[in-house]
Amino acid sequence: MNRTGCRGCGDAEAVAAGLTMAFQPIVDVGARRVFAHEALVRGTSGQSAQDVLSAVAHDNRYAFDQACRIVAIRTAARVGPPALLSINFLPNAVYNPEHCLQATFVAAAQAGWPVDRVIFEVTEHEEVVDHGHLVAILAAYKAHGFLTAIDDFGAGFAGMNLLADFQPDLLKLDIGLVRGIDTDAARRRIVQHLAAMCSDLSVRVIAEGVETQDECRALLDLGIGLQQGFLFARPGLASLPAVAWPDLTDGP
């Protein structure tokens with residue numbers, strides 16, 4: 001199978017017709033620029049992500065995973081410039097990495113979206129039965145020029161074992177480690193050491209779920225400038241929302 005065709009794309013296209021995407025920026029706070037946008041699935045009839053995901057089962061997981069990639073790329077190309085685009089994928093839906101990338105290649109070519117501007121995020125909230133298969137998926141994606149990220153780090157199934165076997169381009173700290181970090185000494189120490197470890201491994205850290213200026217400032221003090229959360233913007237439905245840059249200057 002080459003990049004011009006994709007067996008099974010018909011089912012994905014049928015699922016894609018009922019999906020759209022909301023986009024939330026991931027920002028570089030120090031540089032005051034948008035680093036990427038994460039695509040978050042929504043239904044075309046107003047269904048929330050939870051509603052959409054609750055309908056995913058074993059028999060439609062593959063088509064749903066493929067549809068999300070197609071819709072994310074098409075929608076991002078339509079609503080904004082080619083900044084980095086972060087797409088979540090379901091590792092248990094990927095039976096063969098090379099085959100499962102075909103729809104992504106086709107959508108990217110049709111939309112004029114460079115594959116090196118795509119980040120594939122794997123969430124730790126989905127239990128992966130075959131750890132070695134997940135590592136092979138991530139390695140294959142990276143070999144094709146995609147950026148890779150481990151999402152929700154610190155809250156899920158893979159943890160340090162996945163990081164030991166595969167070093168992604170990006171690691172996203174779970175909201176549980178970020179919430180209240182400005183007042184919690186234990187969280188600050190844990191995140192400080194995680195950030196230092198990732199730096200040694202040449203992995204960039206993103207803090208997600210940032211909601212207050214104090215959390216933002218505490219993360220910056222730990223050297224984590226890539227951040228995502230309601231402090232900066234809520235997801236925009238089929239649009240790239242404006243960023244509200246926090247005033248981090250010290251007050252009187």
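Biologist: What volume does the largest pocket have?

Modeller: Rolling a probe the size of a water molecule over the atoms shows where empty space is left. Here the largest pocket has a volume of about 1,000 Å³. A pocket is an open set of points on a 1 Å grid over the protein atoms alone, with protein on both sides within 12 Å along at least five of seven lines; in a cavity a 1.4 Å probe fits but cannot get out. Points join across faces, edges and corners, and volume is the space filled by probe spheres set on them. The model is predicted: local features need pLDDT of at least 70 and side-chain atom pairs 80 or more, while totals for chains, interfaces and linings use all residues. Residues are numbered from 1 along each chain as its sequence is written, and side-chain values use heavy atoms, without hydrogens and water.

Biologist: Which residues are closest to the centre of the largest pocket?

Modeller: Glu-38, Leu-40, Leu-53, Asn-88 and Asp-151, out of 35 lining residues (an atom within 4 Å of a point). That lining divides into 17 nonpolar, 8 polar and 10 charged.

Biologist: How many cavities are there of 30 Å³ or more?

Modeller: There is 1, and the largest cavity has a volume of about 50 Å³. Its lining includes Phe-23, His-37 and Trp-113, with 8 nonpolar, 1 polar and no charged residues by class.

Biologist: How do the axes of α3 and α5 cross?

Modeller: They come within 9 Å and cross at roughly 15°, so α3 and α5 are roughly parallel (angles under 35 degrees). Among the residues in contact (heavy atoms within 4.5 Å) are Ile-70 and Ile-73 of α3 and Ala-107 of α5.

How values were computed. Nonpolar A, V, L, I, M, F, W, Y, C, P; charged D, E, K, R; others polar. Axes fitted to C-alpha atoms, helices over the stretch in contact; angles between N-to-C directions. Helix = DSSP H or I, 4+ residues; strand = E, 2+ residues; numbered from the N terminus. Parallel < 35°, antiparallel > 145°, perpendicular 65-115°, else oblique.
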